[in-house]
Amino acid sequence: MNRRGRWRPVAARAASLLLRYPDEQVLAALPTLRAALDGLPPAVAGPLRRVAAHRSGLDHGPLATEYVRLFDFRRRCCLHLTYYTCGDTRKRGAALVDFAAAYRRAGLVVVGGELPDYLPAVLDLAAADDGGWRLLRGNRVGLDLLAEALGAEGSVYRHAIEA
């Protein structure tokens with residue numbers, strides 16, 4: 001990776017953490033995450049800082065309620081990338097196989113029982129391997145739709161997608 005791209009794994013990992021369910025482990029990582037943002041370009045760090053500040057400014061209960069309301073009850077705010085391109089069709093199964101193969105090639109597994117197209121997991125893959133970046137580029141339409149939907153909801157999480 002060239003010098004300009006050395007910050008990309010940090011940005012991907014930060015976005016992954018900021019898009020995960022705000023459990024105690026994820027929230028405990030916020031101080032480390034905020035410190036890591038200092039090494040990112042301002043155009044990337046700024047949007048991620050907005051999400052980190054939002055998460056730091058609320059108690060766990062309201063954060064969790066907001067997260068579930070947004071990502072679990074709004075289809076258009078789905079964090080599973082193949083949903084945008086395949087919906088709930090047979091094509092989605094084939095797409096998920098492609099995602100799973102990218103993790104295997106990188107020597108990684110998706111943890112927590114999530115599907116391999118779960119955006120925070122794909123961002124973790126991008127932090128470790130270029131295969132994750134290929135998946136993100138290949139699902140740009142879904143990312144754009146997600147950012148648009150989060151913007152329409154007035155959600156701070158749109159900044160993590162845009163970063």
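Guide: A helix here is a DSSP run of H or I with at least four residues, numbered from the N terminus. The model is a predicted one, and A15 has its place in helix α1.

Visitor: What makes residues 8-19 a helix by that criterion, and how does the reach of α1 stand against the expected value?

Guide: Helix α1 has 12 residues, and the criterion asks for at least four. From its first C-alpha to its last, α1 reaches 16 Å, close to the 16 Å expected at 1.5 Å a residue.

Visitor: How many helices and strands does the protein chain have?

Guide: The protein chain has 11 helices and 0 strands. Read from the N terminus on, its elements are therefore α-α-α-α-α-α-α-α-α-α-α.

Visitor: Why is A15 called buried?

Guide: Buried means under 20% relative accessible area. A15 has a relative accessible area of 5%, so this residue is buried. Other buried residues in α1 include A11, A12, L17 and L18.

Visitor: Which residues are in contact with A15, leaving aside its neighbours within four places in sequence?

Guide: A15 is in contact with L48, L123 and A160. Contact requires heavy atoms within 4.5 Å. As for H159, this residue is 144 residues from A15 in sequence, while their C-alpha atoms are 9.1 Å apart in space.

Visitor: Where is P22, and why does P22 count as buried?

Guide: P22 lies in the loop between α1 and α2 (24-28). Its relative accessibility is 0%, and P22 therefore counts as buried, the limit being under 20%. Beyond residues up to four places away in sequence, P22 touches L27, R55, H60, L63, A64 and Y67. Between P22 and R50 the separation is 28 residues in sequence and 15 Å in space, C-alpha to C-alpha.

Visitor: How do you know that the radius of gyration of the protein chain agrees with that of a compact globule?

Guide: For 163 residues, a compact globule would have a radius of gyration near 15 Å; the protein chain has 15 Å, so the two agree. Along the principal axes, the C-alpha atoms fill a box of roughly 40 × 40 × 25 Å.

Visitor: What share of the residues in the protein chain is buried, and what share of its contacts joins residues at least 24 apart?

Guide: Of the 163 residues, 45% are buried. Among contacts between residues at least 6 apart in sequence, 60% join residues at least 24 apart.

Terms used
Residues numbered from 1 in each chain as written. Predicted model: local features only at pLDDT ≥ 70, side-chain atom pairs only at ≥ 80, totals over all residues. Heavy atoms only, no water. Helix = DSSP H or I, 4+ residues; strand = E, 2+ residues; numbered from the N terminus. Rg over C-alpha atoms; globule rule 2.2 N^0.38 Å. Buried < 20%, exposed > 50% of the residue type's maximum accessible area, 1.4 Å probe, protein only. Expected span 1.5 Å × (residues − 1).
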